[in-house]
Amino acid sequence: MSVVIRYNWQKAEIQAIYDTPLLELIYQAASVHRQYHDPKKIQVCKLISIKTGGCPEDCSYCAQSSRYDTEVKPQALLEKETVVSIAQQAKESGVSRVCMGAAWREVRDNSQFEQVLEMVKEVTALGLEVCCTLGMLTEAQAKRLSDAGLYAYNHNLDTSQDYYSTIITTRTYDDRLNTINNVRQTNVTVCSGGILGLGETVGDRVSMLHTLATLSPHPESVPINILSKVVGTPMENQPDVPIWDVVRMIATTRIVIPTADVRLSAGRAKLSQIEQALCFLAGANSIFSSDNGHMLTVTTPCPGYNADQEMLNLFGLEARPSFVS
Ligand code: SAM
Ligand code: SF4
C-alpha cells in the first residue's frame, strides 16, 4: 500500500481505516511507515517538568491541576542549571529531543518566560532538539521561542471538539487550535495529539484525527497518550484501554498523517515489550524514556533508559540522532 499526503480527509474515510481488520490495518500502516520513514529508527525523548503542579486549568485527567487533590505538590520553576544538567545527562543516554513542560494555563510575558527562553537556548546549544509545552501562546511569544531556537511546540488537542468540554471547561478547542496556528506562523514545528481512555467514543478518536489530518501543514509529531489514571482526578476510575485500540489508533494516525513522528507517550510504562513491538509495527516511531522512572510527575511513570535501550536492541531498532526527521 502506498499513500500520498492529503489534507482533505473525510471522517468516514478515517473511520473506515480505523475499522480495517486488525492485521490488515497493521500491515497497511507498516507499509506507509516504510514509505516515509526509516523503520529502524526510533526518536527517544526525555520530558523535563520545568514547572510542576499548581495549574489553574481543570483538565480532568491531570495530576497537576490545582482543582484536584493528587499526590503532586506545586513546585517553583526549575533553575536553568538544573534543566541543562538533566538535558546533558539525557543526551549521554541517547536522547535526541528534550521536552520541557510547564503546568501553566498560558505563557505570560514575565521573568519566568525569559528564564524559559534561556533554557531553550542552552539546551539547543547542547545539540538537542528542544520542545516546549507551556500552555497557550500568542504569536509574539511563539516568535520569541522560535528566535531562541525552539524546535517544536507541543499543544495536544487531547480529544474531539465535541467531547472536549466534558474533559476541560477552562478553555475551548478553538483556544487550542489558535495556539497551534500561532506556532505555525514561526519556524517552530508542531507536536499535537491526544489521549485514549477518557471515556471517548471511537467516533471522538476519529474526529480528533480528522482535525489533525486536515491541518495544513500536518503536525510534525503526533503523541498518542494512554490515560495514566491519577488518583484524585475525575478520571481515576476509567476502564483500561484495550491494547488493540492503541494499535488501531497508532496505525490510523500513521496512515492519515504519514510524515509525522507518531509518539507512543503516556501509558507506555504499562505496556509489555510484545505490546510495544506491535505499536512500533503499526507505525509508532517515538518514545519518552527517563532515568528516574517518571515522565511528567510522580504519578506518570516512564520506562528507564537502560530498559528501553535493551528493548530497542532486542527489536533491532536504533535511537535516531537529533535534527533528522
Ligand atoms: N500545561 C500544558 C498543556 O496542557 O498544554 C503542558 C503540560 S500537559 C501536562 C501536556 C500533555 O500531557 C497534556 O496535553 C496531555 O495530553 C498529557 N497528559 C497529562 N496528564 C496525563 C495523564 N494523566 N495521562 C495521559 N496523558 C496526560
Ligand atoms: Fe494544566 Fe496542562 Fe495539566 Fe491541563 S494538562 S491541568 S493545562 S498542566
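Predicted model: local features only at pLDDT ≥ 70, side-chain atom pairs only at ≥ 80, totals over all residues.
Is Thr 20 buried or exposed? Its relative accessibility is 13%, and because buried means under 20%, Thr 20 counts as buried. Look next at what surrounds this residue. A polar atom of the Thr 20 side chain lies 2.8 Å from the backbone oxygen of Ile 17. Leaving aside residues up to four places away in sequence, Thr 20 touches Leu 25, Gln 28 and Arg 248.

Now turn to ligand 1. There are 17 residues around it, and those that come nearest are Thr 133, Asn 156, Asp 158, Arg 176 and Ser 228.

Which atoms of the protein face the nitrogen and oxygen atoms of ligand 1? Start with the side chain of Asp 158, where a polar atom lies 2.7 Å from an oxygen atom of the ligand. The backbone takes part as well: a polar backbone atom of Ser 228 is 3.0 Å from a nitrogen atom of ligand 1, and a backbone N or O atom of Ala 102 lies 3.2 Å from a nitrogen atom of the ligand. As for overall cover, ligand 1 has 560 Å² of accessible area on its own, and the protein covers 94% of that.

Definitions and conventions:
Residues numbered from 1 in each chain as written. Chains lettered and ligands numbered in written order. Heavy atoms only, no water. Near = heavy atom within 4 Å. Polar contact = N/O pair within 3.5 Å; in protein donor to acceptor, adjacent residues only side chain to side chain. Areas by Shrake-Rupley, 256 points an atom, 1.4 Å probe, with all protein chains shown as cover. Buried < 20%, exposed > 50% of the residue type's maximum accessible area, 1.4 Å probe, protein only. Contact = heavy atoms within 4.5 Å.
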